[in-house]
Amino acid sequence: MDRRKFLYTQTRRDFFRRCAGGVGTMALAELLTADGLTAAASLPEINPLAPREPHYAAKAKHVIFMFMEGGPTQFELFDEKPTLAKYDGQPLPPSMTKDLKLAFIKSNAAVMASSFKFRRYGKSGMELSELLPHLGSCADDICLVRSMRTDAINHHPGQLLMFSGSIQPGRPSMGAWTMYGLGSEAEDLPGFVVLPSGRGTSGGASNYSSGFMPSHYQGSLLRNQGDPILYLSNPEGINRESQQATIDLVRGLNEKRYSDTGDLEVASRIASYELAFRMQMSAPELLDFSAEPQSVRELYDLDSDDDDTREFARNCLLARRMVERGVRFILMMDASWDDHTSLNRKIPKRCRKIDKPTAGLIKDLKNRGLLDDTLIVWGGEFGRTPMVEHRKPEDRSNAGRDHHPNAYSMWLAGGGVKGGQVVGKTDDLCLNVVEDPVHVHDLQATLLHCLGFDHTKLTYKHMGREFRLTDVSGRVVQKLLA
């Protein structure tokens, strides 16, 4: 029997209840102690997030997932469709729309052509929207996937599928799987950090939950107002010395509990307390940008006149600083790109907010030699329809687009991905994928591959069966890889 299990099952109460075997138990304990097989009297140094080796040599050590909540429009940003102009203002033939999943509009809704032009960028000549000139300057570093597919038509199920592999709540998120597989290199910060911007996401905390895994794998929300992490500051009247005394007292009690039970969860608990204590020193330093040169501030547009741009730029710079400090998974959640209305008015402003800071992050990581082992993923839970949505038919400027799971775009950069290329193709109206389809599970499998894992073997046993992020499907998309 494992020595810790032995100690856990043989309590003093058990001894008195089974006193007939008490002498034998005492004798066995003496023999185990003599051989050094009993639990130590003091708490061992246990770090449940200690770095672990992947299945094979990894290209990526860190992930920055730039999640654009709501479903960015591929028509205005990444996948130019001149054919839309041919059908503009007209409904499509029923034969083309009969199998479409539509959340709000009818299949006979009229087509809406894009109002924005595309340009070629970089040596690769990648075609991107005129709304993204700064991202265009990084075209040779990004891999644009125009053939994404998902199974979900609404936001919360779509976000659950993207991050947990299932439309049902309660599964571990992508960041939690990464922490479970690799642990963290950050000693004084959480290994999985969430950076929000905008007004909130439909999936909320389920996008960074640990699900049925232990809670130390879940994401830590870094807030953009007040204390960056809740309860980081000491209450009035509590200084660092008195808090250290409290930590020491709790540790002593846990050492006593461990000596009685041999339960390693006790060691994990005190490790989380002590990480929180160290974070009180490291988090303020992380958020102090005073040492950043003006050139870096300009690169990210950190001093923009626009509040939304400054907020997003701050998160991009924080992501780079976290990578430098060993944080394993950084989830940036920007809301909301759900443009059912006023698309032509909203999308230029939203692109101005994210364009320069996003490009700044790519360039800064590259300049520092960090892009090679940092995988950046950018995109939403689904795309938009070629047909128009009019929630106020009398106001033509109110036009937007509905949810579209069958075909949309995302991009990746760094960490084992081959830049300067476009993968996949959609039909002339972007109704369906016609070349190199990439399902959400395929994206997850490829991400885990870049981190050094066979996605079919990174499993966690729960309720009698082995679960995985990709669960019952998914394949590594070789075309994405360098």
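Helices α13 and α14 run roughly parallel to each other, because their packing angle of about 20° falls under the 35 degrees cut-off, and that's the pairing to start with here. Keep in mind that this is a predicted model.

**The α13/α14 pair**
- Two packed helices are described by the angle between their axes and the distance between the axes.
- For α13 (residues 307-324) and α14 (residues 343-367), the angle is about 20° and the axes sit 9 Å apart.
- The crossing of these two helices is right-handed.
- On the α13 side, the contact is made by Asp308, Thr309, Phe312, Ala313, Cys316, Leu317 and Arg320.
- Their partners in α14 include Lys349, Arg352, Ile354, Pro357, Leu361 and Asp364.
- Sorted by class, the contact of α13 with α14 has 8 nonpolar, 2 polar and 6 charged residues.

- Strand β2 (residues 118-121) pairs with strand β3 (residues 126-129) in the antiparallel sense, over 4 bridges.

- Pro82 counts as exposed because its relative accessible area is 60%, and the cut-off for exposed is over 50%.
- Pro82 and Ala113 are 31 residues apart along the chain, with 7.8 Å between their C-alpha atoms.

Notes:
Residues numbered from 1 in each chain as written. Predicted model: local features only at pLDDT ≥ 70, side-chain atom pairs only at ≥ 80, totals over all residues. Heavy atoms only, no water. Axes fitted to C-alpha atoms, helices over the stretch in contact; angles between N-to-C directions. Parallel < 35°, antiparallel > 145°, perpendicular 65-115°, else oblique. Left-handed = near helix turned anticlockwise from the far one by under 90°. Contact = heavy atoms within 4.5 Å. Nonpolar A, V, L, I, M, F, W, Y, C, P; charged D, E, K, R; others polar. Buried < 20%, exposed > 50% of the residue type's maximum accessible area, 1.4 Å probe, protein only. Pairing = 2+ DSSP bridges.
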